[in-house]
Amino acid sequence: MKQKHVLMIAAAIATTSIAYAGAKKNWDGTYASATIHYLFYSNDLDEAQAPTSTDQRLSIAITGDPAKQIFDAIGPDLKVGCGTTLGMRQRQRGDIDCSYDKEQSPSPYTCHFGFNLRKGKSIAGATC
């Protein structure tokens with residue numbers, strides 16, 4: 001139950017930031033819906049294990065228009081990005097990682113961010 005509650009809070013925070021950062025219509029303070037993918041885990045993300053009572057982390061990936069709005073807001077592109085290929089662009093600001101990959105379907109935009117739930121702090125949501 002706690003994990004579901006935390007996920008709802010994280011999604012609300014992300015949606016609020018997205019609505020404010022990239023709204024094309026007059027801002028009215030309402031939330032927009034978004035598609036997210038998430039992973040609860042422990043340890044480091046590149047060596048993820050099941051969450052434990054003492055180590056619980058959350059990685060969130062958001063795609064589509066909200067990711068594009070975040071991508072546009074946190075620019076500029078990194079000159080050398082981790083794992084970037086021809087046609088791929090990457091941007092990073094603090095613990096927010098976004099990429100544009102023209103080969104990715106259905107949306108070329110993806111952003112990752114994460115939280116250490118036991119410490120209440122933001123962390124990177126992607127390994128690279």
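These are my notebook entries on a predicted model, taken one feature at a time.

**Entry 1: strands**

I began with the strand pairing. Strand E3 (residues 88-93) runs antiparallel to strand E4 (residues 96-101), and the two share six bridges. I looked up one of the pairs: Arg93 has Ile96 in E4 as its bridge partner. The hairpin of E3 and E4 has two residues between the strands, and Gly94 there takes a positive phi near 60 degrees.

Next I followed E4 to its other partner. E4 and E5 are antiparallel too, with four bridges between them. Here I noted Ser99, whose bridge partner in E5 is Thr110.

**Entry 2: aromatic pairs**

How many aromatic pairs does the structure hold? My search came back with four. I went through two of them in detail.

Phe71 and Tyr109 came up with ring centres 5.3 Å apart and planes at 65 degrees, so I logged the pair as edge-to-face, the cut-off being over 60. Phe71 sits in helix H2 (residues 65-74) and Tyr109 in strand E5 (residues 109-116), so this contact ties together parts that are 38 residues apart in sequence. Both Phe71 and Tyr109 are buried.

Tyr109 has another ring partner, Tyr100. Their centres are 4.9 Å apart with planes at 55 degrees, so that pair goes down as tilted. For Tyr109 I wrote down a relative accessible area of 13%, which is why it counts as buried. Put together, Phe71, Tyr100 and Tyr109 form one aromatic cluster.

I also checked for a charge on the cluster. Arg89 lies over the face of Tyr100, 5.7 Å from the ring centre.

**Entry 3: salt bridges**

Searching the whole structure gave me four salt bridges.

Asp55 and Arg57 meet through their side chains at 2.7 Å, N to O. Is this pair buried or exposed? Asp55 is buried, and Arg57 is buried as well.

Then I turned to Asp77. Its side chain meets that of Arg89 in a salt bridge, again listed at 2.7 Å, N to O. Asp77 lies in the loop between H2 and E3 while Arg89 lies in strand E3, so the bridge ties together parts 12 residues apart in sequence. Asp77, at 29% relative accessibility, counts as partly exposed. Arg89 is also partly exposed, at 31%.

Which other residue does Asp77 form a salt bridge with? It is Arg91, with the closest N and O atoms 2.5 Å apart. This one links distant parts of the chain, from Asp77 in the loop between H2 and E3 to Arg91 in strand E3, 14 residues apart. Arg91 has a relative accessible area of 11%, so I have it as buried. Through shared partners, Asp77, Arg89 and Arg91 join into one salt-bridge network.

The bond from Gly75 to Pro76 is cis, with omega near 5 degrees. Pro76 is in the loop between H2 and E3, which is also where Asp77 lies. Ser105 and Pro106 are joined by a cis peptide bond as well, with omega about 5 degrees. Pro106 has its place in the loop between E4 and E5.

Asn43 is not a glycine, yet its phi is positive, about 75 degrees. I found Asn43 in the loop between strand E1 (36-41) and strand E2 (57-63). With 24% relative accessibility, Asn43 counts as partly exposed.

Methods. Residues numbered from 1 in each chain as written. Predicted model: local features only at pLDDT ≥ 70, side-chain atom pairs only at ≥ 80, totals over all residues. Heavy atoms only, no water. Phe/Tyr/Trp six-rings, centres within 6.5 Å; stacked < 30°, edge-to-face > 60°. Buried < 20%, exposed > 50% of the residue type's maximum accessible area, 1.4 Å probe, protein only. Lys NZ or Arg CZ within 6 Å of the ring centre and 35° of its normal. Pairing = 2+ DSSP bridges.
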